[in-house]
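Could you help me learn to read a protein structure? I would like to go feature by feature.

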Amino acid sequence: MPKDLDALLREERVFEPSEEIVENSNIKKWMRKHDIESYDQLLERSKNDVEWFWDEMAKDLEWFEPYNIVYKWKPPHVKWFLNGKFNIVHNALDRHVKTAKKDKFAYIWEGEAGKVRKLTYHDLYREVNKFANALKSWGVGKGDRVSIYLPMILELPIAMLACAKIGAIHSVVFSGFSAKAFQERSNDAESKVAITADGFQRRGKIINLKANADEAMKDAPTVEKLIVVKHAENDVNMHEGRDIWWHEIIENMDDECETEIMDSEDTLYILYTSGTTGKPKGVLHIHGGYAVGTSTTLKFVFDLKDDDIWWCAADIGWVTGHSYIVYAPLILGVTSIMYEGTPDYPDPGRFWRMIEKYGVTVFYTAPTTIRMFMKFGEVWPQKCDLSSLRLLGSVGEPINPEAWIWYYKNIGNDRCPIMDTWWQTETGMFLITPLPIAKLKPGSAVKPFPTVQADVLSDDCKSLTEKGGHLVLKTPWPSMFRTLYKDPQRYIDTYWSMFENIYLSGDVARKDKDGYFWVQGREDDVLNVAGHRISTAEVESALVSHDSVAEAAVVGKPDAIKGEEISAFVILKQGFKATDNLKAVLKKHVRTEIGPIAQPAYLSCVEDLPKTRSGKIMRRVIKAKVRGEPVGDISTLANPEAVDGLDKAI
Ligand code: WT7
């Protein structure tokens with residue numbers, strides 16, 4: 001365990017948001033109302049009065065019946081807004097169609113081939129109601145599970161909202177997952193209905209998702225109906241008696257549907273995420289607290305206002321999309337962009353042209369995407385007018401300072417603060433994050449969101465400063481997951497057994513002297529070289545800070561004397577050659593950036609690195625290769641060919 005993990009990389013630059021951004025921000029406005037003068041005072045006051053803060057926030061939402069207790073914390077279990085009657089969809093849709101919001105666009109969708117489809121809040125409301133009525137017609141009701149295996153098309157949020165509206169529990173399975181993964185998840189959830197599409201566009205090609213779904217359905221005994229969205233005009237087989245076209249079924253459905261009155265603590269969805277074992281964990285979120293937590297964080301962190309055009313460029317198949325493409329933006333009543341395809345199709349200018357075309361004001365993406373754009377060079381964003389942007393965001397992994405600076409300069413034109421939001425599928429909402437009033441340090445996710453008590457602990461539960469340790473959360477927050485579906489013991493073992501009554505995130509972080517958090521990566525990616533604990537993410541960050549490097553992955557290679565040696569794999573930027581000289585320069589670069597102990601013993605240049613479909617490097621695969629062990633299950637790899645490339649490099 002990273003008892004004495006040495007956090008060696010130091011980033012000293014500080015960036016302040018402009019006065020205009022600070023003064024006009026939602027958070028500043030709220031602080032004025034409550035006579036709170038500074039960021040620190042806000043954090044202090046909210047930490048001391050958690051009930052007051054969240055009660056204030058929950059008042060912005062509509063409750064069928066008010067809650068009478070803000071929260072009840074009996075570790076490791078929490079309940080929020082007790083005895084409140086609520087439905088997230090009432091807040092995301094029903095209440096808006098009674099106001100002028102009804103004619104505002106909820107979504108502007110763009111297909112990879114260029115097709116555009118726009119839905120107002122009223123349109124979305126009607127589509128959701130029709131599909132909710134269809135679900136009801138098959139006997140789907142409160143508590144029933146529905147598995148959704150859809151690409152980034154509008155029917156995905158429509159299906160999710162329809163489930164939630166009638167009290168059913170959705171389980172979205174990322175469309176990039178295999179048939180086997182879909183089958184495993186729908187069987188674990190014991191879903192009654194499954195939803196898929198005839199296909200979708202990916203890099204100009206049609207992916208036959210229906211074929212995967214068919215494969216999955218071969219052994220999915222609980223699924224009675226498979227609903228198929230016609231999207232790609234792909235020739236598919238419809239299974240008699242089981243398969244139904246979406247458009248045919250909704251044709252005769254009423255576009256009004258009563259919203260189920262739920263308890264705040266009733267289940268909203270299950271989302272499977274990978275753990276340290278092979279079996280995915282079914283993270284379970286609920287209606288009330290989840291709605292309050294996600295909408296509050298979006299409103300204050302990304303500062304969304306009525307006229308904003310929000311683009312969270314994630315896939316709804318992950319929690320980022322659940323919270324910040326579907327639920328939170330709809331609750332706030334903003335307009336979101338939704339895009340079907342890949343960021344660099346047909347060329348690396350796609351995202352920037354879309355920002356210009358739709359006047360996107362707040363843009364949120366992942367470091368891996370930013371580094372990919374870095375590799376293509378600034379010529380691409382330079383071709384577009386990105387002046388509509390006001391704020392930028394990053395999520396999913398630590399953003400190395402070099403990528404941060406590139407993003408800040410080339411996309412934000414030196415004037416858009418970057419919100420580096422740390423959170424997890426389990427947390428549901430941003431937990432460690434800047435607010436637009438905070439000073440930023442590139443590579444740091446700044447401080448906990450108001451009320452959140454995060455800390456960095458040693459193995460023996462001591463709070464650490466300027467030292468790496470376990471990133472933990474000491475108090476509950478409204479959108480915290482409630483348990484792991486059908487596996488309450490694993491919930492306790494994984495998250496609550498290391499420290500008493502403290503949530504273990506599984507990440508390693510450092511808190512600096514100013515209280516800023518620097519997340520360094522997962523605990524299992526921590527190396528031990530000659531008694532020094534070094535985070536792979538830090539070495540990678542150092543490598544990527546070199547001009548020639550686009551991406552890097554670092555793993556430990558067992559060594560008889562030092563315990564582990566650092567083995568680095570890098571993808572060079574265009575125009576650089578993998579000479580022995582350059583490799584030596586890179587090793588030396590890490591030595592200068594971090595110190596002699598972090599210098600990679602081995603360094604290879606590769607064309608590609610094995611990645612999950614969400615863009616995360618699969619270090620597990622590289623580690624196995626380096627150790628000469630079997631690579632295990634690589635069915636979730638986006639680019640299995642990268643594994644062959646590794647063979648040559650080792
Ligand atoms: C893990 C959670 C949260 C939505 C997407 C991923 C890493 C996430 C950051 C960040 C450093 C980050 C952590 C975390 N992570 N955001 N801003 N800085 N690391 O959700 O698949 O549940 O992954 O992603 O390691 O534990 P997830």
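The dialogue below looks at a sheet, a hairpin and a ligand site.

Q: What kind of model is this?
A: This is a predicted model, in which local features need pLDDT of at least 70, side-chain atom pairs count only at pLDDT 80 or more, and totals for chains, interfaces and linings use all residues. Residues are numbered from 1 along each chain as its sequence is written, and side-chain values use heavy atoms, leaving out hydrogens and water.

Q: In which order do the strands of the open sheet lie?
A: Strands of a sheet pair through backbone hydrogen bonds, either parallel or antiparallel. Strands here are DSSP runs (E, at least two residues), numbered from the N terminus, and two of them pair if DSSP finds at least two bridges between them. The 4 strands of this open sheet follow the order β23-β24-β26-β27, with antiparallel pairing. Its edge strands, β23 (454–457) and β27 (517–522), each pair on one side only.

Q: Why is strand β30 described as largely enclosed?
A: Buried means under 20% relative accessible area (1.4 Å probe, protein chains only). In β30 (residues 549–559), 8 of the 11 residues are buried, so the rest of the structure largely encloses this strand. β30 also forms a hairpin with β31, with 3 residues between them. The two strands pair in the antiparallel sense over 10 bridges, and A553 has F569 in β31 as its bridge partner.

Q: Which side chain has an N or O atom 2.9 Å from an oxygen atom of the ligand?
A: A polar contact is a pair of N or O atoms within 3.5 Å. Here the side chain is that of Q424.

Terms used. Buried means under 20% relative accessible area, exposed over 50%, partly exposed in between (1.4 Å probe, protein chains only). A polar contact is a pair of N or O atoms within 3.5 Å; within protein, one must be able to donate a hydrogen and the other to accept it, and residues adjacent in sequence count only if both atoms are side-chain atoms.
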